[in-house]
Amino acid sequence: MSFEHELLEQRYQKIRQLEELGFAAYPRKYAYTHTLGEIRQRYDNAGSEELAAARVGVRVCGRLLTVRRQGKAGFAHLMQGGDKLQIYVRQDAVGERDFNLYKMLDAGDIIGAEGYLFRTKTHELTVHVEKLEFLSKALLALPEKWHGLHDVETRYRQRYLDLISNPEVRRVFVKRSKIISALRRTLETHGYIEVETPMMQPLYGGAIARPFVTHHNTLDIDLYLRIAPELYLKRLTVGGLDRVFEINRNFRNEGVSTQHNPEFTMLEFYQAYSDYRDLMDFSEELLREAAAAAGDGATRAQYGEHCLDFSKLARLSMKEAIVELWPDDPTRPTPSDLADARRVAELVTAHNSNAEEKIVLPPGASLGESIGLLFEHVCEPRLIQPTVVYDFPVEVSPLSKNKPDDPAWVERFEIFAAGMEIANAYSELNDPQEQRRRFQSQVALRERGDVETHEMDEDYLRALCYAMPPTAGEGIGIDRLTMLLTDSKSIRDVILFPLLRPEGEIGIAEQLRKLNETGS
RNA sequence: GGGCGCGUAGCUCAAUUGGCAGAGCAAGUGACUCUUAAUCACUAGGUUGCAGGUUCGAUUCCUGCCGCGCUCACCA
């Protein structure tokens with residue numbers, strides 16, 4: 001028999017033993033008077049005399065973290081909701097039955113304790129227990145109490161253990177929730193309504209990516225997990241939902257990395273009768289509110305070695321960004337150079353002669369594609385402070401409206417921070433004829449074998465034919481924003497259950513079955 | 001998918017040039033009525049990820065596989 005199974009069996013026996021003491025193995029509820037957090041908040045500053053005089057009675061509950069037994073008395077720490085509180089159990093205060101329970105408790109068990117608050121000799125706020133209640137048994141041992149759980153695979157697969165033993169992990173996900181809540185509140189303040197559009201779509205679109213495919217049995221049709229909600233949300237602006245947003249998952253059948261998970265959370269919002277400049281202003285407010293929510297009011301966030309200031313967004317056109325962020329050397333271009341295909345080709349060569357990451361121009365690359373690649377390589381890594389970069393080449397922006405004064409460029413912006421793209425927005429294309437042409441060219445690419453292109457979405461074209469108001473739309477990557485605001489290096493640290501390969505046989509069912517046979 | 005790295009007790013980690021697989025925590029027994037990584041004594045706990053190979057001898061060297069991490073490519 002393995003040691004692990006031996007532990008399991010010992011602890012399983014303890015369930016029978018505590019039942020013999022008259023405790024239920026899995027009782028229904030525990031009526032606590034305070035959360036541990038409430039007690040800490042209210043009494044952390046109360047002195048010994050004050051507590052003794054008030055004799056504050058409490059019923060608290062939580063998971064047992066550490067137990068320190070010393071004969072006929074002992075201490076333990078409870079944890080609940082990320083807060084800890086010490087309890088003091090002595091036989092003459094709780095009686096023999098409850099003290100017998102205390103003696104057989106293990107770290108990880110969940111208990112309730114009733115008593116009064118006092119301060120120990122070392123001034124720690126503690127519950128002097130008068131009645132102990134058993135609530136649930138930890139049959140498996142918790143990770144090591146001092147070093148905690150480090151194994152990255154176990155942390156992701158068994159996130160509950162990570163949450164128990166690494167307090168910082170809990171803080172990250174609490175912040176994530178606050179960030180989403182702040183975004184939602186800010187959108188609602190501006191008259192937005194939240195909607196949910198299909199995740200399973202007969203045609204996928206709204207982004208350039210490979211989809212996951214699934215199947216509906218009764219209808220006998222293949223469906224795609226959405227790569228973006230965009231085309232559905234824009235249908236809603238046709239329907240008169242002038243300000244809509246959706247916070248939900250997108251699925252893209254692509255590689256995983258520290259910045260990519262196959263399912264990820266996106267905020268998308270659309271605002272009718274507005275253009276991309278309106279969204280620049282609004283984005284500033286959204287990000288400021290999100291940062292403040294994560295930072296307890298502070299709009300600065302430490303990310304690695306950088307202090308990111310979300311109180312405002314710097315703004316640069318793409319052309320300005322290339323000129324301004326170009327290394328300070330004689331090859332630096334002037335704005336007019338970027339209108340000249342030959343000069344741009346020289347700039348690519350100049351960049352490649354110094355840079356580690358070379359730009360590889362696809363055969364027959366257009367001026368716009370070249371500028372887009374120049375921007376990615378020259379500027380993206382240098383965009384540390386939150387920055388709006390606006391006006392993109394039309395060739396790299398199939399869904400945006402052209403600029404009225406220069407059809408080579410479109411009304412689009414992206415927001416960067418710490419070298420990472422966190423938002424993408426544009427004045428939405430609402431001319432059905434132009435939209436048909438762009439679908440058509442995508443279909444042509446598809447026939448040449450490009451699997452990531454759009455299909456012709458006639459239902460969407462029909463919607464545009466009923467007139468979509470001029471509209472601006474934006475997507476903000478919630479996971480990446482959360483990374484920035486929680487100082488997380490990997491997207492897996494802000495997703496509770498990131499995609500991993502299945503683990504295979506765990507064997508716990510068989511072990512429990514054996515216990516059931518031998519233990520009864 | 002490519003490159004690099006890691007995998008030793010439930011957890012966190014050691015193991016000299018290839019020479020008897022160890023420690024702390026967790027666990028069991030005992031002592032202890034203000035401890036807090038409680039302490040003290042004793043006990044138990046291992047197919048060194050899996051499968052091969054080289055060798056008198058492999059945790060250590062080699063090959064393949066599995067899992068994870070980092071990174072590149074794709075992408076947000």
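**Buried elements and ring pairs**

Author: Helix H15 has these buried residues: Ile478, Asp479, Arg480, Leu481, Thr482, Met483, Leu484, Leu485 and Thr486. The model is a predicted one.

Reader: How many of the residues of helix H15 are buried?

Author: Helix H15 covers residues 478-486 and is mostly covered. A residue counts as buried when its relative accessible area is under 20%. In H15 the number that are buried is nine of nine.

Reader: Which residue just after H15 takes a positive phi?

Author: The place to look is just after the end of H15. There a phi of about 55 degrees, a positive value, is taken by Asp487.

Reader: Which residues of strand E19 are buried on the side of Ala472?

Author: Strand E19 (residues 471-477) is mostly covered, with seven of its seven residues buried. Both faces are covered, and one side holds Thr471, Gly473, Gly475 and Gly477.

Reader: Which residue in E19 is the bridge partner of Leu267?

Author: E11 and E19 pair in the antiparallel sense over seven bridges. E19 also pairs with strand E18 (residues 420-427), in the antiparallel sense over five bridges, and there Ala425 has Glu474 as its bridge partner. For Leu267, the bridge partner in E19 is Ile476.

Reader: How many aromatic pairs are there?

Author: Two rings of Phe, Tyr or Trp pair if their centres lie within 6.5 Å. By this rule the count of aromatic pairs is 10.

Reader: Where do Phe99 and Tyr102 lie?

Author: Phe99 is buried, at 1% relative accessibility, and Tyr102 is buried at 2%. The two are three residues apart, about one turn of the helix, and both lie in helix H4 (residues 91-103).

Reader: What is the angle between the planes of Tyr192 and Phe269?

Author: The ring centres of Tyr192 and Phe269 are 5.9 Å apart. The pair is edge-to-face because the planes are at 85 degrees.

Reader: Which residue has its charged end over the ring of Tyr102?

Author: The charged end sits 5.9 Å from the centre of the Tyr102 ring. The residue is Arg69.

Notes:
Residues numbered from 1 in each chain as written. Chains lettered and ligands numbered in written order. Predicted model: local features only at pLDDT ≥ 70, side-chain atom pairs only at ≥ 80, totals over all residues. Heavy atoms only, no water. Phe/Tyr/Trp six-rings, centres within 6.5 Å; stacked < 30°, edge-to-face > 60°. Helix = DSSP H or I, 4+ residues; strand = E, 2+ residues; numbered from the N terminus. Buried < 20%, exposed > 50% of the residue type's maximum accessible area, 1.4 Å probe, protein only. Lys NZ or Arg CZ within 6 Å of the ring centre and 35° of its normal. Pairing = 2+ DSSP bridges.
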